[in-house]
Structure formats: structure tokens, C-alpha cells
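Here is a brief report on a predicted model. Please look over the sequence and the coordinates first.

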Amino acid sequence: MICKTRRGNGSKGQVFIVLSIIIITVMVMLKTGINISQIMENKRYLEAGFEQMQFQNIRNEALKAVQISYENKSDMTNNLNNFMRYARLVMSSKAVNLAGVAVTATYNHSTAPYVVNVTVLNMLGTDMFYLNVTFNTTTAEFRSVSDGMAVQAGFSGNYETMSHIMTVFYNTSLANTTEYVTIPFDTTKSKLTVFLDLSLKSDRSEQRDVFNETYVI
Amino acid sequence: MDETSEVAAARGYDSMKKKSSKGISKTFESIVAILSMMTVFIIYFSAKQTMPDLEIINREMKAFSAMKTLVESNDFRQWVLANDTQTLENKIMSLMPSDTNYEIVVCQLDCAKPSVTSERMFSASYIIAGDVKDFRPRQVVLYMWS
């Protein structure tokens with residue numbers, strides 16, 4: 001009887017240790033349950049989604065810059081280029097880098113020989129050492145096209161009503177790139193083709209879109 | 001003192017000695033328990049990990065979506081170019097939660113922040129190129145604070 005009583009009294013003191021083990025286990029389980037890295041990942045995903053929305057905003061408004069200039073056709077290209085420069089400044093103030101190349105090609109309904117005017121805006125954030133624009137076997141060459149600068153080239157010829165592929169080759173300190181711009185040429189209409197190769201980079205995400213739109217003007 | 005009372009006294013002394021040693025061991029065990037819990041707290045919970053605030057990014061996305069919805073109507077561009085921030089605020093507020101304070105600023109590049117002292121201020125901006133026959137790029141910045 002004495003022995004049993006002693007064991008009973010002796011084990012009461014260990015309640016503290018047993019309780020502490022239970023509390024520690026609960027705390028560890030709670031901490032493991034709150035997965036902060038998963039929440040951080042979700043936040044990054046949301047931020048990337050938000051930047052994608054902003055990129056879509058710039059993409060849509062770039063085309064809008066062309067559309068709202070419809071009544072003053074001579075301003076269409078300038079307004080697009082000015083909008084792209086503006087959008088880049090706005091994004092850079094948010095530590096987001098908007099870069100790319102904007103190409104516009106216009107031609108007026110007239111009699112042969114037809115004239116196609118091409119403008120290329122360098123927004124790559126670096127100089128183009130060489131820029132070659134080739135339309136229907138004719139090439140216009142440019143050297144040292146600095147960042148933010150736009151250059152123009154005119155092509156004339158007896159073009160047929162069909163889709164022509166214009167190539168825009170440029171060389172920078174980072175890469176050699178060739179862009180293919182589809183120009184749906186129609187001898188009975190005046191048209192403007194906009195080609196944009198845009199990218200939006202931040203420390204959270206990277207977006208890129210290459211597209212072209214043609215408008216009857 | 002007879003032999004029986006001597007034995008009883010000795011037993012009483014032994015009992016007191018045992019009770020005292022039990023008290024010491026209980027104190028020791030409770031100290032061990034407290035120390036082990038403190039050790040776990042310090043080692044496991046001391047690393048600073050701030051909980052990311054998802055509420056801000058959610059509000060920013062909501063504000064952006066509200067402006068995107070409004071830009072579908074042509075009036076939005078007119079309000080922006082006319083710098084009619086009151087109408088813009090009224091329209092946007094109907095699409096946003098009511099527990100946040102708002103202020104709209106229409107600007108070109110340098111956008112003035114509202115003169116509000118709040119640590120939880122955030123914003124969403126929407127860029128427009130202009131309106132028909134009126135090329136004037138602007139950004140609409142919706143500042144929010146709570």
C-alpha cells in the first residue's frame with residue numbers, strides 16, 4: 001500500500017512536463033498549419049496577375065491611341081509612338097520596365113507605283129546597332145538607332161493585292177532579332193498596320209505580347 | 001521516551017524529509033517544463049516572418065477592375081480628360097467596398113498623393129490614351145486607405 005501511494009505522489013510532479021510536451025506539440029502543429037511560404041506564393045501569383053492586367057491596359061490603349069487619331073491620319077503613327085514613350089515613363093516610375101519595338105506601315109489608295117511608309121520605334125532600352133527593314137525585296141538600312149528614337153523608310157513598287165511579309169531585323173548588344181510583320185496589301189484601299197512586340201518586366205513577373213492589327217484608313 | 005515513541009518520531013522525521021524532497025522534485029520538474037517551452041518558443045518562433053498582406057493586392061486589383069469596367073463606357077474618357085474627379089469617384093465607389101476611403105487623382109506623370117496620414121495607403125492606376133480627336137495620355141490613380 002505504501003509503495004502504491006509513493007508511486008502515485010511521485011507521478012504528480014511529472015504532469016508539468018507532460019503538459020509542456022502537449023503544449024509544445026500543439027504550438028508546432030499550429031505553426032506548421034500556417035504555411036507562410038504558400039501564402040507568399042499566392043501573393044506573388046496575385047501580383048503577377050495584377051501586372052498582367054496593367055500590361056493588357058497598355059496594349060489596349062496603344063491601339064486606342066491609333067483609333068482615336070483616325071480623323072487626323074497623319075498623327076496616327078506619332079500618337080502611337082508618343083503613347084508608347086509615355087506608358088514606358090509611367091511604368092518605370094513603378095519600377096516596372098516596359099520595352100519593345102513598335103512598327104507601323106501605312107499606304108494610301110492610289111495608282112501604281114504604290115508607296116508604303118514604314119516607321120520603327122526603338123523602345124528596347126538599348127541602342128540598335130543595325131536596323132534593316134525589308135519589304136518586297138527592297139531593304140532600308142539604318143545604323144545606331146538610339147533608345148526611344150523612331151526611324152522612317154519609304155518603299156515604292158507595283159505591289160499586288162495580297163499579304164506581304166515585311167521583315168524587321170535589328171541587332172543590339174544583347175541579341176539579333178528578326179520580326180515578321182504581315183501587311184495585307186490591297187490596291188483598292190488605304191490601310192495602316194500596327195505591329196507591337198512588347199514586354200513588361202519586374203522583379204515579380206515578365207509579360208510579353210507580339211501582335212499586329214490593320215485598320216482601313 | 002520509550003522505544004515506541006522514538007520509532008514514531010523517527011518515522012515522522014523520515015516522512016517530513018520525503019515530503020520536502022518531493023516538493024523540490026516538483027519545483028525542478030516545473031522549471032524543466034517552463035524551460036523546455038521557452039526553448040521551443042525562442043528557437044521555433046523567434047525567426048521573423050511577417051505575414052504577407054493579401055488584402056492590399058486584392059483591393060488594388062478590385063480598383064483596377066472597377067476602372068476597367070468604367071472605361072468600357074465612353075463617358076469615362078471624357079470625365080478623365082475633363083478632370084472630373086467627383087463623377088469618377090462616385091462611379092468607382094459604387095463598384096468598390098464601402099469600408100475603404102478613396103481619392104482619385106487624374107495626372108500625366110507626377111501624381112500628387114492625397115494629404116492623408118495613413119500607414120495603409122495603396123493605389124491602382126489606369127492609363128488612357130485620350131479620347132476621339134483628343135490624344136492626351138493620362139493616368140487615373142485611385143488612392144485607397146483605411
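The report covers conventions, domains, a helix, a sheet and the chain contact.

## Conventions

Residues count from 1 along each chain as its sequence is written, while chains are lettered from A and ligands numbered from 1 in the order in which they are written. In this predicted model, local features need pLDDT of at least 70, side-chain atom pairs count only at pLDDT 80 or more, and totals for chains, interfaces and linings use all residues.

## Domains of chain A

Chain A is assigned domain 1 (2-31) and domain 2 (35-216); such bounds come from an automatic or database domain assignment. The C-alpha centres of these two domains of chain A lie 72 Å apart.

## Helix α3(A)

Helices (H or I, at least four residues) and strands (E, at least two) are DSSP runs, numbered from the N terminus.

Buried residues of α3(A) include A:F55, A:I58 and A:V66 (20 or more other C-beta atoms within 10 Å of the residue's own, placed from the backbone). The buried residues of α3(A) pack against α4, β1, β8 and β9 of chain A, together with β2 and β3 of chain B.

## Sheet in chain A

An open sheet of 4 strands runs β4-β3-β6-β7 in chain A, with antiparallel pairing. Pairing needs at least two DSSP bridges. β4 and β7 of chain A are at the edges with a single partner strand each, so one side of each lacks a neighbour in the sheet.

## Contact between chains

31 residues of chain B are in contact with 36 residues of chain A (C-beta atoms, placed from the backbone, within 7 Å). On the chain B side, α1(B) gives the largest share, 11 residues.

Notes. Contact = placed C-beta atoms within 7 Å. Buried ≥ 20, exposed ≤ 12 C-beta atoms within 10 Å, placed from the backbone.
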